[in-house]
Amino acid sequence: MKKHTLGSALLASTFLSAGLASAQDVTLTIESWRNDDLLIWQDQIIPAFEAAHPGIKLQFTPSAPAEYNAVLNSKLDAGSAGDLITCRPFDASLALYEAGQLADLSDLDGMSNFSDVAKSGWSTDDGSATFCVPMASVIHGFIYNAEAFEELGIEEPKTVDEFFSVLNTIKEDGTYIPMAMGTNDQWEAATMGYNNIGPNYWKGEEGRLALISGEQKLTDEAWVAPYEQLARWADYLGDGFEAQTYPDSQNLFTLGRAAIYPAGSWEIAGFNTQADFEMGAFPPPVPNEGDECYISDHTDIALGMNAATENPEAAKTFLNWVGSPEFAEMYSNALPGFFSLSSHEISLEDPLAQEFVSWRSECNSTIRSTYQILSRGTPNLENDTWNASAQVIRGAESPADAGARLQEGLASWYEPQQ
Amino acid sequence: MAEQTGKKFNWHIVVFLAPAVLVYTAVMIFPLFNTLRLALYTETENIRQFVGLDNFRTLFGDPRWSESFWNALANNFWFFFIHMLVQNPIGILLAAILSHPRLRFAGFYRTAIFIPTILSFVIVGFAWKLILSPIWGIAPSLLDAVGLKSLFAPWLGREEYALTTLALISVWQFVGIPMMLIYAALLSIPEEMLEAGEIDGITGASAFWKIKLPLILPSIGIISILTFVGNFNAFDLIYAAQGALAGPDFATDILGTYLYRTFFGFQLQLGDPHMGSTIATAMFAIILIGVCIYLFGIQTRLRRYQF
């Protein structure tokens with residue numbers, strides 16, 4: 001009997017305290033695919049926000065990147081999704097907005113801190129409504145083992161010819177695998193391969209927009225040339241690269257076994273903790289000496305509001321804070337390699353991140369060619385580009401054939417290309 | 001006492017069946033028919049429209065869809081073929097050896113061979129990916145140790161080997177199931193029958209071929225149909241090892257991964273529940289036809305023996 005009373009007293013107090021807490025605080029749940037960032041959210045971002053805004057509690061609940069879109073869509077349909085939704089750029093989020101699942105945030109105060117280009121990934125095609133607050137972009141380039149470069153007496157290549165002579169030197173020496181990339185997972189070949197070196201050939205935004213308007217075709221020289229360069233990479237990737245996965249490549253580089261890593265800036269944080277050698281970075285080499293350079297500075301991540309949230313006011317308070325300089329500075333420094341898209345001046349501490357961001361002033365920025373509008377139909381151009389890039393590197397398809405196949409697929413549903 | 005209860009409606013039958021029927025209807029029957037129904041609709045501008053069999057026309061008529069479908073189906077048959085050719089004969093062989101009365105440590109072997117079956121696909125997929133990895137794997141160094149390094153290839157990354165490699169991994173995982181079923185069937189064969197055979201001069205291997213094998217044929221039939229259904233519903237291993245794009249160049253794409261990509265979408269490709277349901281319906285039809293062929297064509301002709 002005594003035990004029983006004690007038990008129910010405990011039980012009652014649990015319910016009571018839970019009830020009290022919910023009466024005072026609003027808890028916002030954040031959906032995200034960035035499970036790598038869990039600690040940064042828990043240790044830095046959430047405490048900073050909660051300290052400034054008592055009464056609002058945050059919960060960061062990420063899922064695995066590859067499953068995020070499917071999981072999120074199911075949760076939204078079932079009405080069990082969180083209050084705040086991390087937005088993929090372009091069509092995935094646009095579809096959610098059109099289905100009424102993401103709220104219109106055009107009038108949010110914090111939005112004024114972002115340029116139109118920054119907002120392009122999360123606005124309707126005509127730019128009239130914006131539905132996610134831009135958080136960060138990622139820049140493509142090559143990260144290299146600076147100690148290996150010094151040992152072999154080679155320098156950062158500026159042109160494609162220099163790039164291949166550097167690769168030859170590393171290969172002849174034999175101490176290092178020249179370049180760490182595999183084709184097993186396919187996406188690296190497209191993202192860190194094709195869309196990394198491509199903008200130099202199709203002249204960034206100029207080519208990308210011409211492709212969307214139908215003035216250029218994927219069979220044009222500018223779009224096939226990157227495949228021709230990718231086909232030459234095969235000789236410099238490690239043994240068995242066909243079965244090499246993305247984590248394999250990361251480990252090969254951070255263990256110091258490979259000299260060059262075709263990268264996205266998101267790798268910086270991980271590489272800083274894993275690699276115990278000096279690292280450097282160079283932008284994708286240009287085809288000819290003196291050519292203007294172009295980099296892929298891809299709008300990658302934003303934060304939107306679930307239209308069905310029960311706490312729209314609290315969610316908006318948080319989103320305004322995400323648009324503030326305080327958040328931009330904290331996020332960019334906590335996650336070197338994710339560069340804030342806001343117009344505020346931000347000082348970065350990480351040298352490798354500084355190197356990446358410095359290319360913004362030397363080169364022209366563009367975003368990945370397949371992301372806006374062009375991956376709306378079936379067959380999906382982005383998925384086909386993964387496949388084609390991996391095929392070309394493995395030598396299973398010629399660059400010209402790959403271009404022709406992609407063009408045929410795109411033209412089958414995209415009117416301006418017909 | 002005088003009244004008979006037999007004519008009254010037996011309510012307790014309904015009461016006892018209700019939980020199972022309700023749960024089964026809610027989680028199996030309703031979703032199944034709803035999926036079949038979904039295949040007859042399409043969505044334009046966020047409005048669902050009835051289109052009859054149009055989705056099937058797209059799936060089998062449009063070369064972009066049909067090529068992927070036939071590729072996935074052909075791969076699926078190859079996957080099944082490897083299982084029938086490797087998994088089931090090895091399972092029978094292992095069972096025959098295990099049921100040998102003079103084998104020592106039979107219990108240990110039985111457990112060891114059965115254990116992979118209870119492992120998760122994800123563990124099996126990642127473990128084998130590591131074993132076969134050209135960079136860190138023990139496969140290249142093991143082959144090197146016996147001087148056969150030249151035989152090593154990045155199997156999972158080559159179009160011509162990837163699917164067979166995955167099928168063999170799956171065989172490794174599931175060989176315990178046919179082994180157990182056949183083992184049980186072999187144990188149920190009465191000693192008297194074998195002794196009678198022995199008196200007639202049938203011993204050793206010929207006792208297996210002439211007495212035991214005919215008696216376990218029904219179990220082999222059941223195993224074949226279980227393998228068929230399991231293989232045509234397979235998805236997990238391919239997804240864990242090669243991802244949803246089933247690389248290289250869709251060489252390992254089977255109906256399950258094709259369905260997943262279409263239904264839930266992948267990366268920039270948005271999910272299409274209607275075309276996904278169409279594929280699911282086609283898969284359902286294939287499995288149904290396969291099971292019917294077995295039930296009416298083979299099962300009824302199998303001779304059964306009563307002991």
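**Entry 1: B:Ser133**

I started with B:Ser133, which sits in the loop between helix H5 (121-132) and helix H6 (138-145) of chain B; helices here are DSSP runs of H or I with at least four residues, numbered from the N terminus. This is a predicted model, where local features need pLDDT of at least 70, side-chain atom pairs count only at pLDDT 80 or more, and totals for chains, interfaces and linings use all residues. Residues are numbered from 1 along each chain as its sequence is written, chains are lettered from A in the order in which they are written, and side-chain values use heavy atoms, with hydrogens and water left out.

Is B:Ser133 buried or exposed? I found it buried, because its relative accessible area is 3% (buried means under 20%, exposed over 50%, partly exposed in between, with a 1.4 Å probe and protein chains only). I then followed the side chain of B:Ser133 to the backbone nitrogen of B:Ile135, at 3.1 Å. Leaving aside residues up to four places away in sequence, I listed A:Asp248, B:Pro140 and B:Phe152 as what B:Ser133 touches (contact means heavy atoms within 4.5 Å).

**Entry 2: where chain A meets chain B**

A:Asp248 on that list sent me to the other chain. I noted 38 residues from chain A and 29 residues from chain B in the contact. The two chains bury about 2800 Å² between them, with 54% of it on carbon and sulfur atoms; buried area is the accessible area (1.4 Å probe) that two parts lose on being put together, summed over both. On the chain A side, A:Glu242, A:Asn383 and A:Trp386 supply 16% of the area buried against chain B, more than any other three residues.

I looked up three salt bridges between the chains (a side-chain nitrogen of Lys or Arg within 4 Å of a carboxyl oxygen of Asp or Glu). A:Glu242 turned up again, in a salt bridge with B:Arg158 at 3.0 Å, N to O. Which helix gives the most to the side of chain A that touches chain B? I put down H17(A), with six residues.

**Entry 3: a nonpolar patch on chain B**

My last stop was a nonpolar surface patch of about 840 Å², whose members include B:Tyr24, B:Val27, B:Phe33 and B:Phe284. Such patches take residues with over 30% relative accessible area and no salt bridge, joining nonpolar side chains (Val, Leu, Ile, Met, Phe, Trp, Tyr) within 5 Å. H1(B) provides the largest share of the patch, seven residues. I checked B:Val27 in that helix; B:Val27 counts as exposed because its relative accessibility is 54%.

Conventions:
Patches are made of residues with over 30% relative accessible area and no salt bridge: like charges are joined within 9 Å, nonpolar side chains (Val, Leu, Ile, Met, Phe, Trp, Tyr) within 5 Å. Accessible areas come from the Shrake-Rupley method with a 1.4 Å probe; for residues, only the protein chains shown count as cover. Helices (H or I, at least four residues) and strands (E, at least two) are DSSP runs, numbered from the N terminus. A polar contact is a pair of N or O atoms within 3.5 Å; within protein, one must be able to donate a hydrogen and the other to accept it, and residues adjacent in sequence count only if both atoms are side-chain atoms.
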